[in-house]
Each structure stands twice: as structure tokens, then as C-alpha cells.
Amino acid sequence: SSQSDLWGIKKAKQLGLEFIDTLQPEDKISIIAYSRDKGLIFYLFSSTDHQKAKSILQGLTEFPTTNQLKKGKDESWLGSQTEEMERQWLQLKAINFVSGLGELVKILTYVPGNKDILLFSGGTPRYYLYESRSLPDEFNLQDIKPGLFDRFTDLARSLASAGCRVYAVNAKGHKAYLSSSSGERGDDSLRILTDHSGGRYFPDIAATSRVVDDLETLTGSYYVLGYYVEEKWDGRYHQIEVKLQEEKKAKFRLYYQKGYFNPRPYAELSDFEKKLDLFMLATEGKSAYFPLVEFPSRAILAELQGGKGKVFLKLNLAGLKKQDFLRGQVEWLIFILDEKGYILQMKRRKVLWSQLPATQLVIKLSLSAGQYKLRTVFRDIKAGQAALSITWIAIPQKDQVLKKSKSISPPW
């Protein structure tokens, strides 16, 4: 965290290492850091290699804080102008931090299940969080004010909608919190992220053992309450409230997601979101915005010469044409992936759906020796609905006589 001092970073590494030891072997872990200069840095993403995760944490270098960097400079001649410039610069960096996490949320939307985010940070000072200089006496979600508060609130709600619970640990520690002024304290920004997402705020990183024990309990044992909602594509936010019976309030405390966003219309998505959805269609065969309609396809190896295979990809469009699922202009994409799921080639063009054949479409491909997964996607450019087909093909190493009608697609 860019807000934490050297002591806080060392404690964060220690706490992170101890928490990894509490995970189950099948638990996946990601390590992501934020730098004021470089933004979000991905060191590890969704891996079950816990030993590698620990090695990465141990290898992270501590970096000096803003105050430590200022000790070696004499800028007193600039006076208050320097302070105001630094204030504006730090506020811009805080905005970039929120924006960077917002992009991360869009990626996490595609990761199935609940995601627990352990955030080590000193938080964003209150005088950046609240645009007015009138600071609240105590944190209250209902006390909505302008400024970065709204950005943090939208981020927290997006995290919750993506199934992410934030457990924030104040990396400055309780002593530093008490010794700082009210405007310098960053706990409010951290509480926004935890309260909206159903996580928990830990004020003192020095209490390592207690924090690790609580995290193990909170992330390992919880109740799932669900109910059906009518899905509307309007992007509106809906609040959720869970109440305890009066006699239970003294014994229990609730941590739960405070609401969710309806999906936004496809036309309102950013270019990044559309590209991300396209990438997930290619690699995972799923979309975060629409249920996919599947249609059949078949890959046939017709000729093999000089280590190259002449392949006919046959797409059966009869069912799609009858459903009238796609209209107007569509994106037509063919993704060629290796056996590990990495994209090797992408063929892309825009066509009018009405101009495509009513029954079958045949595409000729040239592939080297190997095993391939072929994904074909037709996506409505305006509405975003997509149709998907998956087939496989294996190209032998040596030339051999082949029957044109024989498919040698492997069943993986």
C-alpha cells in the first residue's frame, strides 16, 4: 500500500505469510500490489501454488514513504505552494488507486464463487475523502458526502456485486492512528470498502495473531442466504438489509453484502469491458453479461502436406437462423487455442447476419502439427448477445493419407 510506512509493510508481509499457512491446498491466491508510480502490479493471479505465493511475499521490497523522501530535500523556499501541489498530486493518485481497483473488479467478475480480498493499506486521508472540510465525528454509511467518498462507495458496491468481500487491515497501526490528526486518518476509506462488501475492518496490524485467527474464521465459515431477484439491464443499485432478532443482537454481529448492481446495457459498457468479455468468450467460453446460445460445428482434416494440415471448419447455422437470435451487423470471430487454452490466432470480421448462409458455413484453415481447440463466436455489435461453438482438431506430425470425411478431433 502506498499509504503505509516501512513498519506497516513489514507487518503486512508477516501477516500475509501467516494467513497463507491457514489456507486449504485447493484455495487459489492472488498477490497484487499498488504503486503510486506504476499503479496495480500483478505478482500472482489465481494460483494454488502457495509456496510460490510465500516466496513472492518474502521477496517484495519495502519502499520509503513520502515523508521519508522529503527529508533529503530542501523545498522550504516554495512555501505553501509545495504543500498544495503535493495535496493535489496525492489526491490524483488516490483517484488512480480507485480507478485501478475498479478495473480489477471487472476482471474478478469472471472468477466464479466468493472472493476474499485481504487489503493492507493505511487508507486515503479523510481530507481527500470528503470534499468539504467538515469531517464527520464518526464513520456512518448514511452520512454521504461529495468527493472521493462517492468514488470509494461505487467501488465498494462493485466489489460486492462481483462477489468480493474486503478484509482491510490498517497498515499504519493503532498507535500511528491515534497520533495523527483527524484529517490525516485513512480508516474511513477502508471501512467503506469493508462495510459495503460484507468484509471486516481491522484497525491494528500489530495484532497479527488475532487478525489471522479472525480472518481464518471469517473466510472459512459463513452462512449463504439467497433469494431470487428480477434481473433488469438498467445498471441500478439495490440495497440489501439483513436484521437480527432483538434477543440475538447482544451475542452476534452481522457482516454481509449491503447491495448489488443490476447489469448495465451492453451499449454502456466501456471498451475495456467489451474487450474483456470477448477475451473470456475466447478462453473460457462464457460471458458475464448474457447467456450464450450454442450451435454445432465440426473440424475436418482434409489434407496433410509438409507438416501443415488443411482443415475445413464447418459451422451449422440452421438452428441460429431459425431462432432469429442475431440481427443486423455482427462480429464473427474464430479463436484458435492450443491444448493449454492459450490463444494462438484470432480471425475477426464484421458481417451482416442476413447475408450469411441459412444452413452451413465452411471456413478453410491451415494449421501446423498439434492439438487445437476452435471457438467460433457471433456477437451482436449493438446488443452484445453472442452465439458460441466449440470443436477440436489434431494435426499429426507426419504426412499421411487421410479420408476427407474423417474427423480426428480429440475428445478433451
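**Figure 1. Overview of the predicted protein model.** Residues 24 or more positions apart account for 70% of the contacts in the protein with a separation of 6 or more, a contact being heavy atoms within 4.5 Å. The model is predicted, so that local features need pLDDT of at least 70 and side-chain atom pairs count only at pLDDT 80 or more, while totals for chains, interfaces and linings use all residues. Residues are numbered from 1 along each chain as its sequence is written, and side-chain values use heavy atoms, with hydrogens and water left out. The protein has 11 helices and 15 strands, which are DSSP runs numbered from the N terminus (helices are H or I, at least four residues; strands are E, at least two). Of its 412 residues, 43% are buried, where buried means under 20% relative accessible area, exposed over 50% and partly exposed in between, with a 1.4 Å probe and protein chains only.

**Figure 2. The nonpolar cores.** A nonpolar core is a set of buried Ala, Val, Leu, Ile, Met, Phe, Trp, Tyr and Cys residues joined through side-chain atoms within 4.5 Å. The largest of these has 28 residues, of which L315, F378 and I393 touch the most other members. At least two residues of this core come from each of the strands β9 (297-305), β10 (308-316), β11 (329-337), β13 (360-368), β14 (370-380) and β15 (386-395). Another core, of 26 residues, lies apart from the largest one and has Y34, V98, L101 and L159 among its members.

**Figure 3. Aromatic rings around W353 and F378.** Rings of Phe, Tyr and Trp (its six-membered ring) pair if their centres lie within 6.5 Å, and planes under 30 degrees apart count as stacked, over 60 as edge-to-face and the rest as tilted. By this rule there are 8 aromatic pairs. In the pair of W353 and F378 the ring centres are 5.3 Å apart and the planes stand at 70°, so the pair is edge-to-face. Because W353 lies in the loop between β12 (343-352) and β13 while F378 belongs to strand β14, the pair ties together parts that are 25 residues apart in sequence. Both partners are buried, W353 at 6% relative accessibility and F378 at 0%. Together with F295 and W332, W353 and F378 form one aromatic cluster.

**Figure 4. Charged side chains over rings.** A charge sits over a ring if NZ of Lys or CZ of Arg is within 6 Å of the ring centre and within 35 degrees of the ring normal. K321 lies over the face of W353, at 4.5 Å from the ring centre. In another such arrangement, the charged end of R165 sits over the ring of Y222, 4.2 Å from its centre.

Figure 5. The 13 residues of helix α10 (residues 271-283) should span 18 Å at 1.5 Å a residue, and its end C-alpha atoms are 18 Å apart, which agrees; the expected span is 1.5 Å times one less than the number of residues. The buried residues of α10 are E273, L276, D277, L278, M280, L281, A282 and T283. Just after the helix, G285 takes a positive phi of about 70°.

**Figure 6. S46 and S47 in strand β2.** S47 lies in strand β2 (residues 39-47), and S46 is found in this strand too. With a relative accessible area of 16%, S47 is buried, whereas S46, at 30% relative accessibility, counts as partly exposed. Phi of S46 is near 50°, a positive value in a residue other than glycine. The side chain of S47 reaches the backbone nitrogen of D49 at 3.0 Å. Not counting residues up to four places away in sequence, S47 touches D27, K28 and I29.

**Figure 7. The surroundings of P296.** P296 is found in the loop between β8 (293-294) and β9, where it is partly exposed with a relative accessible area of 48%. Although P296 and I390 are 94 residues apart along the chain, their C-alpha atoms are separated by 7.5 Å. Leaving aside neighbours within four places in sequence, P296 is in contact with K314, L315, N316 and S389.

**Figure 8. H174 in helix α7.** H174 is found in helix α7 (residues 173-179) and, at 35% relative accessibility, counts as partly exposed. H174 and F202, which are 28 residues apart in sequence, lie 9.7 Å apart in space, C-alpha to C-alpha. Not counting residues up to four places away in sequence, H174 touches P203 and D204.

How values were computed. A polar contact is a pair of N or O atoms within 3.5 Å; within protein, one must be able to donate a hydrogen and the other to accept it, and residues adjacent in sequence count only if both atoms are side-chain atoms.
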